Amino acid sequence: MATSRAAVREMLRDERRALWVYDQNPRQHRELFGDSIFSVNGGGHARTRDLLATSLVARNQLRRYAPKVAAICAHHVEAWRGRGVDDLMSATRELTTQICAEVVVGVAESSEREEFHQAIDAFLAAVPVKGRTRWLSARYRRGLRAARTVRRLCARRMESGCSPDTVLGQLVRHAPDERTRRSLPHEILALLVAARETTAALLLWAVVELSLDAEGRQAIRAELADVAESVTLLDRRTCSALYALIDRAAHLHSPNMLALRRLASPLALGGRQLGEGALVAYSPSLGSLNGAQSRHHTAGGSSPPSDCPASSDPGPAADSLAFGYGVRACPGKRLGELIAAALIAAVLPELTPRVEVEDLAFGVSFLPLRVPVRPVRLRLEGNRDEGR
Ligand code: HEM
């Protein structure tokens, strides 16, 4: 296991040739996702990845998605403001599910939306069911049915002409041939798995960090006062305080715990010769695990308990491995960050987030994601008391 950034760099320096992503359950993965980006290696992986990266996050693509992302975030914040939020992770998950439906796939009609939301829930619930006895599990069988539903919805969108302002629309546009086009519903399933929970967790931690950082809120408000259009949120220079907060949340609370690789050919690592088939790993959570001393802010005038997991020293953001490293580093990073930026931009001009910090004192669980073990409550208060 590579336990420092230098060791991760060494481990992944010859990645394309020598390391394959480690798939513990290849047959099961194929049942769920077909031959998607998760299970291909070498040249096949490079081609799929180019297509995904081009369609997801090349600068002009993000400009297409930004208005919809901003509208969805504003809609959810309005609902949270009215009724409060008793479980922030469930609330951010609802938000990212809607983004998956409308921005990734382009499911917009209300009749299809309900079907899609149920299908993605059932599909993601099936992914952790492992082993030969998986067929005995009703959850797994429901998940496979749900995968068929998602593929059917994608195929229907593709037949009726996808909007160019969706990820699926861009994938169709950039797919080099018919065979690739036919595989797109499988890639969409992989994207849904990669995007929904990780992004929901990032949103949760961004709101928690924001609630603990009065100074940061003021700096971000000052930046947002000049931001008229949602696409400006993509500009790290204009929105440097906003991105500093998002970087900190991602670095300290990276949702992905372990990235496993299998050696495709013998390799010398850390002064040892390892044979083909050996397993190596690094943790995208390295930043938070090697972590950093506590630097608690005060929320609502009271200090969080000493074991509160939020707000430690971020260390240099450049050191963060939250979105991975090497040829399999996250191709959705800028979309995930845009969603976090849009959420904060929807909250801050008028509201101040208050997270009840005692909710965090019970600690976090790490698998499958780094999230608080107890539901986190959020109140959105008018920001008049903050001196604006
Ligand atoms: C916002 C929070 C997110 C975090 C923290 C995150 C983190 C990561 C990490 C650490 C990896 C690499 C794992 C490894 O080395 O094996 C990864 C891969 C990946 N991510 Fe993300 N991700 C996020 C959001 C997204 C989004 C929004 C999308 C797309 C819509 C996405 C799509 C992918 C894909 C397709 C891969 C596999 C890449 C490959 O195998 O080449 N992720 N992500």
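Predicted model: local features only at pLDDT ≥ 70, side-chain atom pairs only at ≥ 80, totals over all residues.
Figure 1. The fold comprises 14 helices and nine strands. Of its 388 residues, 44% count as buried.

**Figure 2. The open sheet formed by β1, β2 and β5.** The three strands of this open sheet are arranged in the order β1-β2-β5, and their pairing is antiparallel. The edges are formed by β1 (19–21) and β5 (279–282), each of which pairs on one side only. On average, and with direction ignored, neighbouring strands of the sheet are turned by 40° against each other. Strand β2, spanning residues 259–263, is joined to the antiparallel β5 by four bridges. Arg261 has Val280 in β5 as its bridge partner. In general, the strands of a sheet pair through backbone hydrogen bonds, in either a parallel or an antiparallel manner.

**Figure 3. Packing of helix α9 against helix α10.** Helix α9 covers residues 167–174 and helix α10 covers residues 178–211; the two pack at an angle of about 145°, and their axes are 10 Å apart. The crossing of α9 with α10 is right-handed. On the α9 side, the contact involves Val167, Leu168, Leu171 and Val172, which meet Arg181, Leu184, Glu187, Ile188 and Leu191 of α10. Sorted by class, this contact contains seven nonpolar and two charged residues, with no polar ones.

Figure 4. The shell around the ligand holds 27 residues, of which Ala259, Gly324, Cys330, Gly332 and Gly336 come nearest. The elements that give two or more residues to this shell are α4 (42–56), α10 and α14 (333–347). Helix α10 gives the most, with seven residues. By class, the shell divides into 18 nonpolar, seven polar and two charged residues.

Figure 5. Ser230 is located in the loop that lies between α11 (214–224) and α12 (240–252). This residue counts as buried because it has 22 C-beta neighbours inside 10 Å, and the cut-off for burial is 20 or more. Apart from neighbours within four places in sequence, Ser230 is in contact with Ala66, Pro67, Ala70 and Ala342. Lys68 is 162 residues from Ser230 in sequence, while the C-alpha atoms of the two residues are 8.9 Å apart in space.

Note on methods: Residues numbered from 1 in each chain as written. Axes fitted to C-alpha atoms, helices over the stretch in contact; angles between N-to-C directions. Left-handed = near helix turned anticlockwise from the far one by under 90°. Contact = placed C-beta atoms within 7 Å. Nonpolar A, V, L, I, M, F, W, Y, C, P; charged D, E, K, R; others polar. Buried ≥ 20, exposed ≤ 12 C-beta atoms within 10 Å, placed from the backbone. Near = placed C-beta within 6 Å. Pairing = 2+ DSSP bridges.
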